[in-house]
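Colleague: Could you take a close look at the cavities in this model for me? I'd like to know what lines them.

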Amino acid sequence: MRAGASGHLDPQLPMLVIAAPAAARFEARRGPGALSRSLARCHGWGQTALAMTPAFPRRALLKAAASAALSGAFGLPARALAAPVKAAEDEFFLFIHASGGWDVTLWADPRNEGKGLVDPATTDNTDTAPLRLWVDAPGPDGAKTFALVRPQGSSLAFGPGIGALAELYDRLCIVNGLAMNTVSHPDGTAFATTGRHLSGGRTTSSSVDAICASELGAGQTFPIVSVQFPSAVVGDRLDRRAAPLMVADIGTVSRSLYRAKPYDTDEDRAAVTALLSEEARSLAARSLHADTLNGFALQSEGLGRMLEAGLQDVFSRGKLVKAHPEFNHAARFAKQAAVNAAFALEAMRRNVVRCVSFASIGFDTHTSNYRQHAATQQELFDLIAALVRSLDGTPHPTRSGKKLSDHTHILVTSDFCRTPQINTAMGRDHYPNNSAMVISPRFRGNFSFGKTDAEQLLPAPAKAFQGGPRPIAPPDLLATFLFAFGISPRDHLRDGEVVPELLRQS
């Protein structure tokens, strides 16, 4: 902006606001006009209007500096990041990890041509009989490869492993070309779910599911239930009430909640729980370490809620299978995942959980077991499609007239992807590229972001980030996911920029 004779500011030039006392001291030492000349030389601003203000309050200055830092770190305007509206505490989250590293050329980033390093899936290396969407197309060396799956009305293209999710293309936000910079299972798993690589074999940051549970579900009966998922809590930023309940099998919780009847009644247990909670809070009121004792009270109260009539059924494998036949409980690799999906649906319907995280197995295919890789993907994606449809048909427990799918958010990740070339054992090895998927009302549907090069399947620059053009990486995806729900990424993540292109415009 330019200061004219009338004192008004010309919007054609930049304006710098300087505290009056500081400007006066500078001019007294260097002479009239010295401040403007110095700024012009240092910053290349031919003319700069100086708005002399009273002494700038320190708190306001720090706030402005913090906003500028956030804007630079996450690639969004400071106004957008300064005061994000945190989501209400009746949103539900589902995190699914395809354990072992999936072949993205069979679903999200399909390749059906032999080009460069790429050996496409063909009838020579893939069992096509179970694949409903496999349609033969001419392949290399006389073999048959697959025709791309192009849902009607969509610009997206998939491989045959996408299964029933192809019908829900308008819900899918696909992220390709995720730069993993690792081919280690533990490191890739940690990077995909925390945004940080391992250090000395140890997780260095909390996982995205634990962060969401802490920020939006600490008061829930079960803030987070994690079944063979790489959940992690690191440091002291998260609410300890939201520490993941980590189990190998949902039935484990059902057995833990079982109480024998001969020795006491439900009323006896409720009375003991109330007494323990009251005693803990009484001690907390007189203690220098009230948080610890209040934690005991919360544990007692939480146990009481867990033992409410009927809650044990939510964790019973047999009852979950019977209650939700829409999931394929006879699947070869996704059988356990089907039970976990049934639990997630039931626990959300009863409003006793905020986040559910689980893994699906069978994707680490180095040898001829690669023949079943596409079918393994189809099982997982069929399960997710069935889950989304069930969420569509289930009322939200606290929002009248809303469906669970209106307020449920799904993030699907994997360790990394598999090599574009077939190895000598007729399988595919680890590769430092990846894809991910988000199904959420807050993310764009029928949308794909990120890319890989045509000949090597390596991540290619997706956009101009703060440091210049580069591929998208897991920290960027996680930062965007948290930001979508009003959770400050900088409070929990060291790296990553928000990618506004992924978000649905409100």
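Modeller: Here is a walk through the cavities, one after the other. This is a predicted model, where local features need pLDDT of at least 70 and side-chain atom pairs count only at pLDDT 80 or more, while totals for chains, interfaces and linings use all residues. Residues are numbered from 1 along each chain as its sequence is written, and side-chain values use heavy atoms, with hydrogens and water left out.

A cavity here is a set of points, on a 1 Å grid over the protein atoms alone, where a 1.4 Å probe fits but cannot get out, and lining residues have an atom within 4 Å of a point. Points are joined across faces, edges and corners, and the volume is the space filled by probe spheres set on them. That gives 2 cavities of 30 Å³ or more.

The largest cavity comes to about 70 Å³. Its lining is Leu178, Met180, Ala192, Thr413, Ser414, Asn434, Ser435, Ala436, Pro474, Leu477 and Leu478. Strand 12 (408-414) and helix 14 (474-483) are the elements giving two or more residues to that lining, and helix 14 has the largest share, with 3 residues. By class, the lining has 7 nonpolar, 4 polar and no charged residues.

The second largest cavity has a volume of about 30 Å³. Around it sit Phe95, Ile96, Ala192, Thr193, Val208, Phe229, Leu411, Thr413 and Leu478. At least two lining residues come from each of strand 5 (92-98), helix 5 (185-194) and strand 12. This lining splits into 7 nonpolar, 2 polar and no charged residues.

How values were computed: 1 Å grid on protein atoms, 1.4 Å probe; cavity = no way out; pocket = protein on both sides within 12 Å on 5 of 7 lines; lining within 4 Å. Helix = DSSP H or I, 4+ residues; strand = E, 2+ residues; numbered from the N terminus. Nonpolar A, V, L, I, M, F, W, Y, C, P; charged D, E, K, R; others polar.
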